Amino acid sequence: LFVLFCWLLWGDFSWSMKERAVPPITQLLLKGHGAPDSLIGFLIGSVPAILTIGIGPIISYRSDRHRGRWGRRIPYLVITTPVAVVSMAGLAFTPHLTEILHRSLGTASPGLHPLSIVLYGVFWTLFEFASIIGNAVFLALINDVVPEKFLGRFFGAFRAIGLMAGILFSFWIMGIAETHPAWIFLGMGVLYGAAFGLMCMKVREGEYPPPPDEPSEGRGGFLSSARTYFRECYGHSYYRWFFISLAFSWMAFVPVNLFSLFFAKSIGMSIDTWGKCMAAAYCISLILAYPLGALVDRFHPLRVSLITQAVYVAVVLWGGLFVRDAMTFGVVLVFQCTLAGTWMTAAASLPQRLLPKDRFAQFASAAAIVTSLGTMLAGPLMGLLLDLTGQVYQYTFLVSSALAAAALVTGLVVQVKFGRLGGPAAYVAPQ
């Protein structure tokens with residue numbers, strides 16, 4: 001079990017490094033080429049959501065039912081790892097590719113900045129394509145190979161590794177993001193390709209029961225599979241409430257996370273100081289990660305995540321009302337980031353504890369569809385509001401607080417239904 005944890009966490013470290021590095025640097029590069037906040041919100045917030053809706057259910061449904069010599073999860077991870085590496089290399093070489101394309105088009109070229117935005121958008125989409133598939137299958141792999149009684153503690157360690165990656169990036173690398181983006185992209189590509197690929201080689205899946213009979217191939221088979229998918233995943237009101245609660249929770253983090261860097265620059269905080277604030281929050285979350293995991297195993301992730309959500313609502317509301325300078329922004333940013341991380345740690349094993357184990361990837365993708373529909377709207381709408389109000393970034397905190405309050409209310413409904421289904425001691429996932 002210890003060796004298994006080590007390989008999974010090693011893969012998670014490389015995953016976390018790329019996720020910490022690629023989105024904020026891509027944001028900065030898009031902004032530097034004149035992309036408006038609404039477009040940045042669409043690319044960074046909506047494109048991943050669209051891909052999740054489009055390909056997540058298909059991959060998850062097939063992965064649950066796949067049986068092969070390498071298992072039902074590893075093959076999908078092996079295929080998508082090189083795609084992610086190629087996308088990061090493409091982001092690194094976009095300035096050179098832009099110049100080549102600009103010269104080739106001649107007078108037909110729209111200009112260096114528009115071409116750069118298009119190419120960054122293309123490689124960002126390719127990056128998210130690989131990441132969406134990899135994330136869905138990686139979490140399903142964890143659900144398959146980690147014993148349920150250790151899930152809270154494993155995800156505590158899982159979050160700790162991710163936070164270490166965040167500290168490493170925010171404290172030592174973020175400060176050079178504007179001057180050496182290509183080297184960072186290339187370094188992350190090499191790290192991810194080597195580390196995640198090695199994890200795929202070393203982790204072995206167990207035996208699975210035979211999959212249910214599949215409909216015949218063709219249009220009729222696809223439609224039958226789609227009907228089965230939607231009936232099983234959305235037919236029970238308990239799952240619908242759970243999916244909505246998760247969606248509001250993740251939507252609540254979008255406004256602040258997506259635009260906090262721009263907020264910092266608007267009030268005179270340097271990127272380096274912003275990175276140090278993020279690193280401080282990650283350090284606090286790192287200290288809390290494993291104890292939170294143990295707390296979750298003892299008291300259940302649903303209870304702990306709801307309490308955290310309530311505190312988050314209050315803190316972020318205060319930030320929206322009273323942040324006016326770099327000092328108060330830095331304080332609220334550290335608290336907001338810490339609380340967001342606390343919720344992520346507390347809720348990390350929540351899907352594994354509430355969804356059917358034999359069809360976990362399928363149900364998790366159904367939750368991701370609902371979440372993606374929300375985040376797909378949250379990013380560009382927040383960006384549009386900022387464009388219309390002249391970049392009044394305090395609104396990001398107020399919108400975040402309202403969304404978190406909606407997550408808290410819907411989560412309490414899930415808590416009531418969860419109790420009726422047996423609660424922590426006797427819960428059985430509805431079929």
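Asp144 pairs up with Arg72 in a salt bridge, and the closest N and O atoms of the two sit 3.0 Å apart. The model is a predicted one, and the distances and angles below are computed from it. This pair links distant parts of the chain: Asp144 belongs to helix H5, while Arg72 is in the loop between helix H2 (37-65) and helix H3 (74-92), 72 residues apart. Arg72 has a relative accessibility of 4%, so it counts as buried, the cut-off being under 20%.

Arg73 forms a salt bridge with Asp144, and here the closest N and O atoms are 2.8 Å apart. Put together, Arg72, Arg73 and Asp144 are linked in a network of salt bridges.

How many salt bridges turn up across the whole structure? A search finds four. One of them joins Lys276 to Asp272, with 2.8 Å between the closest N and O atoms.

Two packed helices are described by the angle between their axes and the distance between the axes. For H2 and H5, the angle is about 35° and the axes are 8 Å apart. Their crossing is right-handed. On the H2 side, the contact is made by Leu39, Leu43, Ile44, Val47, Pro48, Leu51, Thr52, Ile55, Ile59, Ser60 and Ser63. On the H5 side, the residues are Ile117, Gly121, Trp124, Thr125, Glu128, Phe129, Ile132, Ile133, Ala136 and Val137. What kinds of residue make up this contact of H2 with H5? They divide into 15 nonpolar, five polar and one charged.

H5 (residues 112-145) also meets H6 (residues 151-173), where the axes come within 11 Å and cross at roughly 140°. That angle makes H5 oblique to H6, since over 145 degrees would be needed to count as roughly antiparallel. The crossing of H5 and H6 is right-handed. H5 brings Phe138, Leu139 and Ile142 to the contact, and H6 brings Phe154, Phe155 and Phe158. The contact of H5 with H6 is made up of six nonpolar residues, with no polar and no charged ones.

Where does Ala347 stand in relation to Gly152? The two are 195 residues apart in sequence, yet 9.0 Å apart in space, taken from C-alpha to C-alpha.

Methods: Residues numbered from 1 in each chain as written. Predicted model: local features only at pLDDT ≥ 70, side-chain atom pairs only at ≥ 80, totals over all residues. Heavy atoms only, no water. Axes fitted to C-alpha atoms, helices over the stretch in contact; angles between N-to-C directions. Helix = DSSP H or I, 4+ residues; strand = E, 2+ residues; numbered from the N terminus. Parallel < 35°, antiparallel > 145°, perpendicular 65-115°, else oblique. Left-handed = near helix turned anticlockwise from the far one by under 90°. Contact = heavy atoms within 4.5 Å. Nonpolar A, V, L, I, M, F, W, Y, C, P; charged D, E, K, R; others polar. Salt bridge = Lys/Arg side-chain N within 4 Å of Asp/Glu carboxyl O. Buried < 20%, exposed > 50% of the residue type's maximum accessible area, 1.4 Å probe, protein only.
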